[in-house]
Amino acid sequence: MSSDPLASRRRLLSWFVRGALTTAGAAVAALAGLIAVPAASVRARRWTRAARFSDLEPNVPTPVIVTTARRDGWHRARRPQVIFLTVTRDDQVRALSATCTHLGCRVSWNAPADRFECPCHRGVYDRDGRVVSGPPPAPLPPVAARVDFARDEVHVEI
């Protein structure tokens with residue numbers, strides 16, 4: 001029984017074409033996966049200096065602006081973000097985002113009323129960021145904060 005050399009060439013060519021198509025399909029799927037993943041979810045969070053600890057008053061929410069660099073395709077942009085820092089009784093810092101959870105407006109601190117207020121739709125939050133009244137569906141988002149007492153700095157993770 002002899003094997004046909006033409007049949008073995010066809011079989012080899014068939015395996016080669018199948019392998020090439022499989023490799024090309026995997027490459028296309030990988031590129032589609034990279035495009036489908038939002039750039040924001042890939043961006044690594046990092047600690048950024050927000051304020052000097054000695055500049056913050058105890059138990060008073062202080063707004064600070066933290067600027068982050070953001071890459072969006074070919075463009076690099078700097079995005080400011082307002083965060084409220086409050087020194088607690090145990091000399092730690094609580095940080096809350098100043099972005100209303102209703103429609104993304106910027107909240108402000110109303111010291112006489114002891115609350116955060118959103119000017120857009122009258123959303124009201126207590127000093128811990130919990131919703132008191134209005135349309136906001138969730139509390140103000142907390143932001144991770146740490147204090148470097150040796151350098152007199154407060155860092156936030158954004």
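Visitor: What makes Leu 13, Phe 16, Val 17 and Leu 21 a nonpolar patch on the surface?

Guide: In this predicted model, a patch takes residues with over 30% relative accessible area and no salt bridge, and nonpolar side chains are joined within 5 Å. Leu 13, Phe 16, Val 17 and Leu 21 form such a patch, and together they have about 440 Å² of accessible area.

Visitor: Why is Phe 16 called exposed?

Guide: The cut-off for exposed is over 50% relative accessible area. Phe 16 has 59% relative accessibility, so it counts as exposed. You will find Phe 16 in helix α1, which covers residues 5-36.

Visitor: And Thr 68, is that residue buried or exposed, and how do you know?

Guide: Buried means under 20% relative accessible area. Thr 68 has 9%, so it is buried. Thr 68 lies in strand β2, residues 62-72. Leaving aside residues up to four places away in sequence, Thr 68 touches Ala 77, Arg 78, Arg 79 and Ile 158.

Visitor: How much of the chain is buried?

Guide: Buried residues account for 27% of the 158 residues. As for the surface, the chain exposes about 11200 Å², with 57% of that supplied by carbon and sulfur atoms.

Visitor: Which pattern does the chain follow along the sequence?

Guide: There are two helices and eleven strands, and they follow the pattern α-α-β-β-β-β-β-β-β-β-β-β-β.

Visitor: How do you know that the chain is more spread out than a compact globule?

Guide: Set the two values side by side: the radius of gyration is 27 Å, while the globule rule gives 15 Å for 158 residues. The chain's value is well over that of the rule, so the chain is more spread out than a compact globule. Taken along the principal axes, the C-alpha atoms fill a box of roughly 100 × 40 × 30 Å. Of the contacts between residues at least 6 apart in sequence, 46% join residues at least 24 apart.

Visitor: What makes β5 and β8 the edges of their sheet?

Guide: The sheet is open and antiparallel, with four strands in the order β5-β6-β7-β8. β5 (108-110) and β8 (131-133) each have a single partner strand, so one side of each is left without a neighbour in the sheet.

Visitor: Why do β7 and β8 count as paired?

Guide: Two strands pair if there are at least two bridges between them. Two bridges join β7, residues 124-125, to β8, so the pair meets that cut-off. The two strands run antiparallel, and Tyr 125 stands opposite Val 131 in β8.

Terms used. Residues are numbered from 1 along each chain as its sequence is written. This is a predicted model: local features need pLDDT of at least 70, side-chain atom pairs count only at pLDDT 80 or more; totals for chains, interfaces and linings use all residues. Side-chain values use heavy atoms; hydrogens and water are left out. Patches are made of residues with over 30% relative accessible area and no salt bridge: like charges are joined within 9 Å, nonpolar side chains (Val, Leu, Ile, Met, Phe, Trp, Tyr) within 5 Å. Accessible areas come from the Shrake-Rupley method with a 1.4 Å probe; for residues, only the protein chains shown count as cover. A salt bridge is a side-chain nitrogen of Lys or Arg within 4 Å of a carboxyl oxygen of Asp or Glu. Buried means under 20% relative accessible area, exposed over 50%, partly exposed in between (1.4 Å probe, protein chains only). The radius of gyration is taken over C-alpha atoms; the globule rule is 2.2 Å times the number of residues to the power 0.38. Contact means heavy atoms within 4.5 Å.
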